[in-house]
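User: Please take me through some features of this model. I would like the general idea of each one, then the case at hand.

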Amino acid sequence: MRQIVTTVLVIAAIVSLVVVGFTYEQVQKEKNRLESDLQYRSTLLAETLKESIEIYVSNPDNKTYVQGMVDRFNEKKRVEGVTVYDNKEMPIASSSGMDKISLQTANEVAINSMDEDKITSNYIQTPEKSLFFFAQPLREKDSVVGSLVLVQNASFINDRLQSLWYSNLIRLTIQVTVISAALILILNYLIYRPLRAITESVREASLGGSINNKPIKNAGFLTPLFSEIQKVSQSLQIAQESASLEARLRHEKEESPWTESRLKEYIKNVLHEKKIIAVSNREPYEHTRVNGKISVVVPASGMVTALEPVMQACGGTWVANGSGLADQETADEHSRIPVPPDNPKYTLRRIWLTREQNVGYYQHFSNEGLWPLCHLVHTRPIFRPNDWRHYREVNEIFSKTVLEETNGERRPIVLIQDFHLALTPNIIKSQLSGAKIGIFWHIPWPNAEVFSICPYRKELIDGMLGADLIGFHTQQHCNNFIDTVNRELESLVDIETGTITRKGHKTRIRPFPISISFTGTPSALQTDPIDRVDILKSYGIHSQYVALGVDRLDYTKGLIERIKSVDQFLTIYPQYQESFTLLQISSPSRTDVKKYQEFTTEVKQKVEEVNKKYAKGSWKPIVFVYRHHSHEELTRLYKIADVCMVTSLHDGMNLVAKEFISARDDEGGSLILSKFAGAAKQLEECCIINPYDIEETAHAIHKSLTASQYKKQHIMHKLREKIQKYNIYRWSYEYLKEIYTIT
């Protein structure tokens with residue numbers, strides 16, 4: 001019933017706003033009409049009197065005649081008074097109705113009319129009424145010899161406008177009352193009562209009661225829905241009985257956390273060691289040269305962080321773009337290399353792209369087009385026909401390589417990653433129909449209207465629909481994708497089951513919030529002694545309180561807003577000056593893209609500006625480190641930070657938040673998390689902020705620093721339990737299980 005009342009109130013509010021809006025417009029038009037009419041009538045009256053007195057104004061001996069004319073004219077309807085001035089701004093005749101206030105205003109308009117030699121007018125409001133002053137210059141030949149001022153009662157205008165408001169609001173009250181009563185009766189009879197009966201029937205079934213097969217009375221147009229629900233309820237009852245037995249048998253095992261070994265066991269027993277091929281633009285291990293020697297780098301990427309443990313558990317092959325300077329030297333003649341280097345568990349197959357392909361497909365189309373389009377951070381996406389051509393070429397190269405790596409297997413599992421490879425699922429499916437293909441979109445999917453900006457939107461989503469399973473981080477992103485397909489392509493969309501059928505092929509759309517490999521067990525790194533003072537000293541920090549930011553240098557991460565919040569924090573809480581420092585770790589990202597070059601400069605300038613404002617001696621509020629950090633280095637920083645700041649303006653998930661929680665085996669520290677990061681949907685216990693609200697973020701820093709140790713530990717304990725329960729192995733299990741169940 002509450003929903004019905006809410007619906008009626010919303011409709012009533014909308015009707016009220018419409019009526020008030022139209023009334024306001026009507027009142028404004030009526031006001032303009034009445035004022036125009038008053039101006040016109042004043043002009044006619046002034047012209048009539050002007051002809052009678054104009055020739056007598058310049059002669060002082062004619063004052064008596066002029067006064068007589070004024071007195072006779074004052075008898076006109078609505079005329080409050082008349083005054084005639086000479087060119088020395090002195091009144092030579094005035095009617096008895098002119099009081100002190102009126103004379104003062106009349107004098108002002110008279111002077112203006114003589115100075116400007118044109119008609120002037122003005123309205124004033126007295127405690128009793130509204131007055132309209134009209135002044136017309138008097139001439140003798142070509143000279144202004146005086147001014148005629150008419151004062152009229154304009155109260156009728158306000159009376160008329162008030163009458164309009166009153167009558168319309170009375171009419172609105174009657175309309176809203178009648179409409180609301182009718183809506184309540186209709187909604188209650190046609191919807192609320194039938195739905196309540198249906199709900200009671202389903203609740204009884206869910207609690208183990210018998211299914212009511214009798215048709216519900218007065219269900220009206222909901223009768224077909226009730227019939228279908230009865231069928232579903234019967235199926236639910238049967239499924240409950242079957243599931244209860246299975247649940248009892250596996251309860252003990254399901255309660256244990258998911259680990260690498262448990263995932264391997266699942267793949268062995270359920271997937272029967274099917275060949276798994278991961279596909280992504282970014283490679284998990286990059287070989288480069290440092291001082292003439294080849295070294296291995298793990299790129300800073302949430303996708304790599306999430307997928308690497310899965311591949312180590314599953315084995316198989318990872319197909320990626322070879323981007324390291326020494327990648328070709330380290331790969332064999334088939335462009336393959338076993339990884340990880342120290343303990344190989346799967347194969348990395350590299351592909352080689354030309355410089356033009358890299359620029360068009362990666363730098364331009366992916367990062368200047370799709371990335372800003374999906375992240376909604378006020379950066380204009382750019383789409384060029386030549387970039388689209390390279391994007392298609394590279395997707396075809398990836399697809400061809402995947403088909404080579406299947407080694408003739410007819411039903412391999414192919415896990416495609418991210419927005420760089422939207423066309424790949426359809427290409428592979430057309431060549432190998434038996435392949436079970438999943439694509440996971442690691443960034444947000446915008447609403448359908450925003451995505452319609454892309455000139456190649458139909459080809460992109462058609463390419464994605466070649467997959468059997470499309471995964472996003474949140475249900476909202478799933479909903480946005482389904483809406484986009486519904487708008488752009490001819491297909492059968494089943495919102496209830498979250499499936500899309502196009503050209504006879506069915507694709508499931510599911511949310512899978514990605515995580516990290518945290519299992520809750522201590523690692524070798526966690527047993528190493530951590531010296532906070534020495535670590536901070538290596539960065540030139542001696543502050544009592546340290547906030548930590550870890551991000552790729554990307555405009556979606558809210559770095560400018562984070563720096564501004566530190567500025568605001570030190571302004572609001574000056575006692576933290578010289579005792580608080582933000583350590584911002586930023587790894588270079590997409591350095592060949594112009595927008596990123598400009599953003600890097602902007603961030604550095606903003607850091608300099610804030611440091612210059614507050615720096616004292618060797619202390620500065622922000623230490624900005626622009627280089628790649630290893631996982632071990634970051635873990636040590638996570639352990640010693642008082643606060644970790646994740647202020648993304650828009651993010652698919654953001655695994656920095658989860659990595660910080662994982663590192664805090666002491667259950668200390670606080671996490672400030674943007675509500676626009678996907679992680680906020682799971683980690684609601686931490687301090688959730690709007691990164692655009694600089695003052696709110698500043699207060700959040702203070703709140704995090706001053707929270708009691710008990711409260712910090714209580715919150716961190718809950719957060720750690722969550723990511724332990726839903727870690728990357730659990731994510732992989734659910735994703736692979738969903739693909740496996742596809743027939």
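Analyst: Helix 23 gives the most residues to the lining of the largest cavity, namely four. Helices (H or I, at least four residues) and strands (E, at least two) are DSSP runs, numbered from the N terminus. The model is predicted, so local features need pLDDT of at least 70 and side-chain atom pairs count only at pLDDT 80 or more, while totals for chains, interfaces and linings use all residues. Residues are numbered from 1 along each chain as its sequence is written, and side-chain values use heavy atoms, with hydrogens and water left out.

User: What volume does the largest cavity have?

Analyst: On a 1 Å grid over the protein atoms alone, a cavity is a set of points where a 1.4 Å probe fits but cannot get out; a pocket is an open set with protein on both sides within 12 Å along at least five of seven lines; lining residues have an atom within 4 Å of a point. Points are joined across faces, edges and corners, and a volume is the space filled by probe spheres set on them. The volume of the largest cavity is about 30 Å³, and the count is one cavity of 30 Å³ or more.

User: Which residues line the largest cavity?

Analyst: The lining consists of L307, V310, L415, Q417, W731, S732, Y735 and L736. Helix 7 (302-314), strand 12 (413-417) and helix 23 (728-740) each contribute at least two residues to it. By class, this lining has six nonpolar, two polar and no charged residues (nonpolar: Ala, Val, Leu, Ile, Met, Phe, Trp, Tyr, Cys and Pro; charged: Asp, Glu, Lys and Arg; polar: the others, Gly among them).

User: How much space lies in the second largest pocket?

Analyst: The second largest pocket holds about 950 Å³. It is lined by 26 residues, of which R282, E286, S323, Y362 and R590 are the closest to its centre. Strand 7 (286-290) and helix 9 (355-375) are the elements giving two or more residues to this lining, and helix 9 gives the most, with five. The classes here are seven nonpolar, twelve polar and seven charged.

User: Which residues form a nonpolar patch on the surface?

Analyst: The patch is formed by I186, Y189, L190, I191 and L195, with about 410 Å² of accessible area together. Patch residues have over 30% relative accessible area and no salt bridge; nonpolar side chains (Val, Leu, Ile, Met, Phe, Trp, Tyr) are joined within 5 Å, like charges within 9 Å. A salt bridge is a side-chain nitrogen of Lys or Arg within 4 Å of a carboxyl oxygen of Asp or Glu. Areas come from the Shrake-Rupley method with a 1.4 Å probe; for residues, only the protein chains shown count as cover. I191 belongs to helix 4 (residues 155-206).

User: Why does I191 count as partly exposed?

Analyst: Buried means under 20% relative accessible area, exposed over 50%, partly exposed in between (1.4 Å probe, protein chains only). I191 is partly exposed because its relative accessible area is 31%. L492, in strand 15 (residues 492-494), is exposed because its value is 59%.

User: Where are D117 and D418 found?

Analyst: D117 lies in the loop between helix 3 (100-116) and strand 3 (120-125); its phi is positive, near 55°. D117 is partly exposed because its relative accessibility is 35%. D418 lies in the loop between strand 12 and helix 11 (424-431), with a positive phi of about 80°. D418 is buried because its relative accessible area is 9%.
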